[in-house]
Amino acid sequence: MHKTKAAFLGGVVLVLLALMFGPVLAQDETILTVTIPEWMQDSVNSDVLAPFIEAHPGVKVIIVPAGDNTYYSPPAYGLEDHLEGAETYASQADVLLMNAYNISSASTRAGYFLDLSPLVATDPDLDEADFFPAVWQAYQWDNGIWALPVTASVQLLIYNADAFEEANVAYPDENWTITDFVNAVNELTQYDADGEIVVPGMYSFNNDLLLRALLGQRFYDASTDMAQPNFDTPELQALLSQWQELYDTVFNQISFDRLNYNDIPLIVDQTYRLSNPNEEGNWHAALLPGGTAGLDVQAFAVSAGTPYPELAYELAKFFTRSPEVINRIFGDSPARRSMVGVEAEDGNMIIRSPLPEEVKPLMQQALETGLPTSERLFNDYVNNALNALSNEEGSDIQVALQEAEAQAISDLETATATGETSVVSVATPIPTPVLSGSEVALTFRVNANISPLPNRERWEQLVADFTASDPQVRHIELSTGFGQNSEDEALDCSYSMFNTISTMDLSNPTLLNLDPFLDADPNFDESDLVPHVLEQLTRENRVWGMPLTIEPEILWYNPNAFSEANAIEPQTGWTVDQFADALQVLHTDPDDPAPFQPYYTGNTYLLMLMAAYGAVPYDHRTTPPTLNLTDPLTVETMRQVLDLAKNGYIDYMELSRNGGGGFGGSMEIPLIGDALSLQSWRLQNRANSDAPGNYLLTTFPVGTQFTPLAYQVGAGYIEADTLQPEGCYRWLSFISQHPELFDSMPARLSQLNAPEIAAQGGDVVEVFQSYADLLSKPDVLVFDQYNVLNYYGGWIEQMWLNQVFDHYVLENADLESELELAESNILTYRDCTSGVPNIDINASQEETLALLRQYARCAVGIDPSLESNFSYLNEQE
């Protein structure tokens, strides 16, 4: 099954690579590779690694971005796939960032990861006592230590106190038994008039963790040297017998099409709900039964295939003391006590909202005595038994546990046999070529809110094609990130799916003006650009970015749902009246889900619908935006749109807290709003357009006075301080001819029906061409999706507008009074912030935070109810 032949062939390839590239490498240089997610690359830079390099002269550390092979199924769901995934991951680098889903007893017995216990035992510098005890134990089993912990995230019982009080149910605590859970869930579950579950009393994303806590013992026998699965016990049988009642009466009866996860009053989860001001409900936390908690521990392991085990161990240990690395992994706490409260020197801190004081003792206890991976070995097999019980009517609990145990034992025997013959070979990185006098290298970054980059292989292929043909550029270092460029990253050029020039300080621009390049380029044709695109990249009559993509807000519609309801299918350019008529036809049963689920961020879709009906209450065409919140005709038009939400035609989510938007919808939802970008999983993953139930694209509805549109321009930028502006421009021009890179609408008219676009479906081509036509209309009204394009204060002003919408739709408040208050607050806020400068997107994090606090103080001074929206700023003061 796992292939010594493949390992041998891999070794031959490595030898050939070494022969090919050997002259390029320094003779005394040792290369260590470490794999981390793409979005962490900028935090593990040369400055962060400098102390390690200084302590280990002659060592070079190369970052290998983790791709989709980071994730593979647990062994219980397919041992062969699990071992193949673990082998692939362990072959990627010498040092590997690990989570619980990366590793198992099966993969360690198969020999893919290095047992660090001999190195730990002889290391006087490690200081095991510095680690929180439960965290330190996270990756220790089968007499081995398989990873060194870096951070830990805690899982607790999270509950909505208001829901418990309304149901007259006592709050959960560490003394609860399975009987208490069954009784509470039955009391908390809400039903509609037909007896269908509307809100389940609990939904556990971590069934195995809760069961492990209730059981009070491991799912295996730890008295032997090698962990032995032990599921067939009277205690576990009794526990599952009562748990099965919840499955039969509640969990298996849930209609997920109607489920709003925010309404569920009891969950086992991490602590984000307790500190997130955008979460609805009066959320509190309690320890799991037995006074414990779950621990998700992030750690660094060493591949069994590394040729440098001691150095790789030292690098993994170094990461446990790196505040920059710890900060970027998003855990609740560092693994080491000595690292608690230590700030990263690079200034790129992750801003987190502080946890309530009442939670901190629970967190501390979790770090000392919680249940990490090592305490929950074989949980996937127990989950398999649960699934068998829920899916097969009449299944016997003891039989299900016996079968799961037998499978686990058999899988471990297979894994052990695999470990006797398998050989892991860590891939040798292709070295940076040595450049001749006229040759250059570029550093290029893709800024997108997605990691890993879904088509990284395609990017790398185009890099290879370009560097093979360009007269000067011989190497491009490709990196990715979530937003603005790191201060420590020496970039030459970048692609960003966001407009990065709107707040740039033009007195000291960080980007290069592209006009000289565009003017001298015979292949650049401004008339080929989609209308208005270049305007968004122009300030003071200078162009600062090369337009590459448009990320339009569009609609997906389900043709089957429209057909079954006898609704007229939307055509590109359909009107708002046709849109409203379709909603009426699609939603005849008030108990059915709303037919339109806006998967947008914020209130833009509501403002666009209002514009389609002829009202523009917040007009972005001026700076600051013109307010028109109290005109009677505008008010009535706003009411007309908001009534669609109030009456159940729009799946409205509270805007003033969580920004609105859903999580994608089910196949039953007729209309879903979306924005096409690198994150457009529907566009990336859908089958051919004729597949049953498949969604098709259409445009947002238009009106008689305005054609409302919202989009972002994705563009290529050249850094002002690059030494290779010409090479960057040629590279940007090259990728501009490859629209398949971006899963977005091309910015060039000539590419709208390119073969790469047509391959995505005829509806895609039609929508893109129609969108370009709509942008050319004289009545087009473009909305700023993030409310910062021309006026930085807009993002806070939208909070008051969102309050109006929320209060009217969700609380039946008086619309006129709410609008008058919002207008008063906005005008007062503008007076308060008139002397506060805009935030330059390329400013340092400290400068950005300082300005954010000034904006926030003005807002909270006017409206104290907004304070929780800015709690993430308090931690750093």
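# A first look at this structure

A search of the whole structure, which is a predicted model, turns up 28 aromatic pairs. One of them brings together Tyr 139 and Trp 141: their ring centres lie 6.3 Å apart and their planes meet at 50°, so this pair is tilted. Tyr 139 counts as buried, at 1% relative accessibility, and Trp 141 counts as buried too, at 4%.

Another pair is formed by Tyr 220 and Phe 378, and here the arrangement is edge-to-face, with 5.9 Å from centre to centre and 75° between the planes. This pair links distant parts of the chain, 158 residues apart. Tyr 220 belongs to strand 9 (residues 220–221), while Phe 378 sits in the loop between helix 14 (360–369) and helix 15 (379–391). Both residues are buried.

You will find Asp 127 in the loop between helix 5 (117–121) and helix 6. At 41% relative accessibility, Asp 127 counts as partly exposed.

## Helix 14 and its neighbours

Which residues of helix 14 are buried? They include Leu 362, Met 363, Ala 366 and Leu 367. Looking down the axis of helix 14, you would see its buried residues fall within an arc of 135°, so they line one face of the helix. Several elements take part in covering these buried residues. Among them are helix 6 (133–136), strand 6 (148–160) and strand 12 (283–286). Strand 13 (294–302) and strand 14 (333–334) are also included in that cover.

## Two disulfides

How many disulfides does the structure hold? There are 2. A disulfide is a covalent bond between the sulfur atoms of two cysteines. Here are the two pairs side by side.

| Disulfide | S to S distance | Torsion about the S-S bond |
|---|---|---|
| Cys 493 and Cys 728 | 2.5 Å | about -80° |
| Cys 832 and Cys 858 | 2.0 Å | about -75° |

With a torsion of about -80°, the disulfide of Cys 493 and Cys 728 is left-handed. Cys 493 lies in strand 17 (residues 493–496) and Cys 728 in helix 25 (residues 725–735), so the bond ties together parts that are 235 residues apart in sequence. Cys 493 is buried, with a relative accessible area of 0%, and Cys 728 is buried with a value of 0% as well.

The disulfide of Cys 832 and Cys 858 is left-handed too, its torsion being about -75°. Cys 832 is part of helix 29 (residues 815–832) and Cys 858 of helix 30 (residues 845–862), so this pair ties together parts that are 26 residues apart in sequence. Is each cysteine of this pair buried or partly exposed? Cys 832 is partly exposed, with a relative accessible area of 40%, whereas Cys 858 is buried at 10%. If you number the bonded cysteines of the protein chain in sequence order, the pairing reads 1-2, 3-4.

## An aromatic cluster

Back to the aromatic rings for a moment. Phe 444, Trp 459, Phe 466, Tyr 495, Trp 731, Phe 734 and Phe 742 form one aromatic cluster.

## Helix 28

Next comes helix 28 (residues 794–811), which has 18 residues. At 1.5 Å a residue, helix 28 should span 26 Å; its end C-alpha atoms are 25 Å apart, which agrees. Of its 18 residues, 15 are buried, so helix 28 is largely enclosed by the rest of the structure. Just after helix 28 comes Asn 812, which takes a positive phi of about 60°.

A charged group meets an aromatic ring at Tyr 808. The charged end of Lys 646 sits over the ring of Tyr 808, at 3.6 Å from its centre.

## A cis peptide bond

Where is there a cis peptide bond? One joins Thr 623 and Pro 624, with omega at about -5°. Pro 624 is found in the loop between strand 22 (618–619) and strand 23 (626–627).

Key
Residues are numbered from 1 along each chain as its sequence is written. This is a predicted model: local features need pLDDT of at least 70, side-chain atom pairs count only at pLDDT 80 or more; totals for chains, interfaces and linings use all residues. Side-chain values use heavy atoms; hydrogens and water are left out. A disulfide is a pair of cysteine sulfur atoms within 2.5 Å. Helices (H or I, at least four residues) and strands (E, at least two) are DSSP runs, numbered from the N terminus. Buried means under 20% relative accessible area, exposed over 50%, partly exposed in between (1.4 Å probe, protein chains only). The expected span of a helix is 1.5 Å times one less than its number of residues. Rings of Phe, Tyr and Trp (its six-membered ring) pair if their centres lie within 6.5 Å; planes under 30 degrees apart count as stacked, over 60 as edge-to-face and the rest as tilted. A charge sits over a ring if NZ of Lys or CZ of Arg is within 6 Å of the ring centre and within 35 degrees of the ring normal. The arc is that of the directions from the helix axis to the C-beta atoms. Contact means heavy atoms within 4.5 Å.
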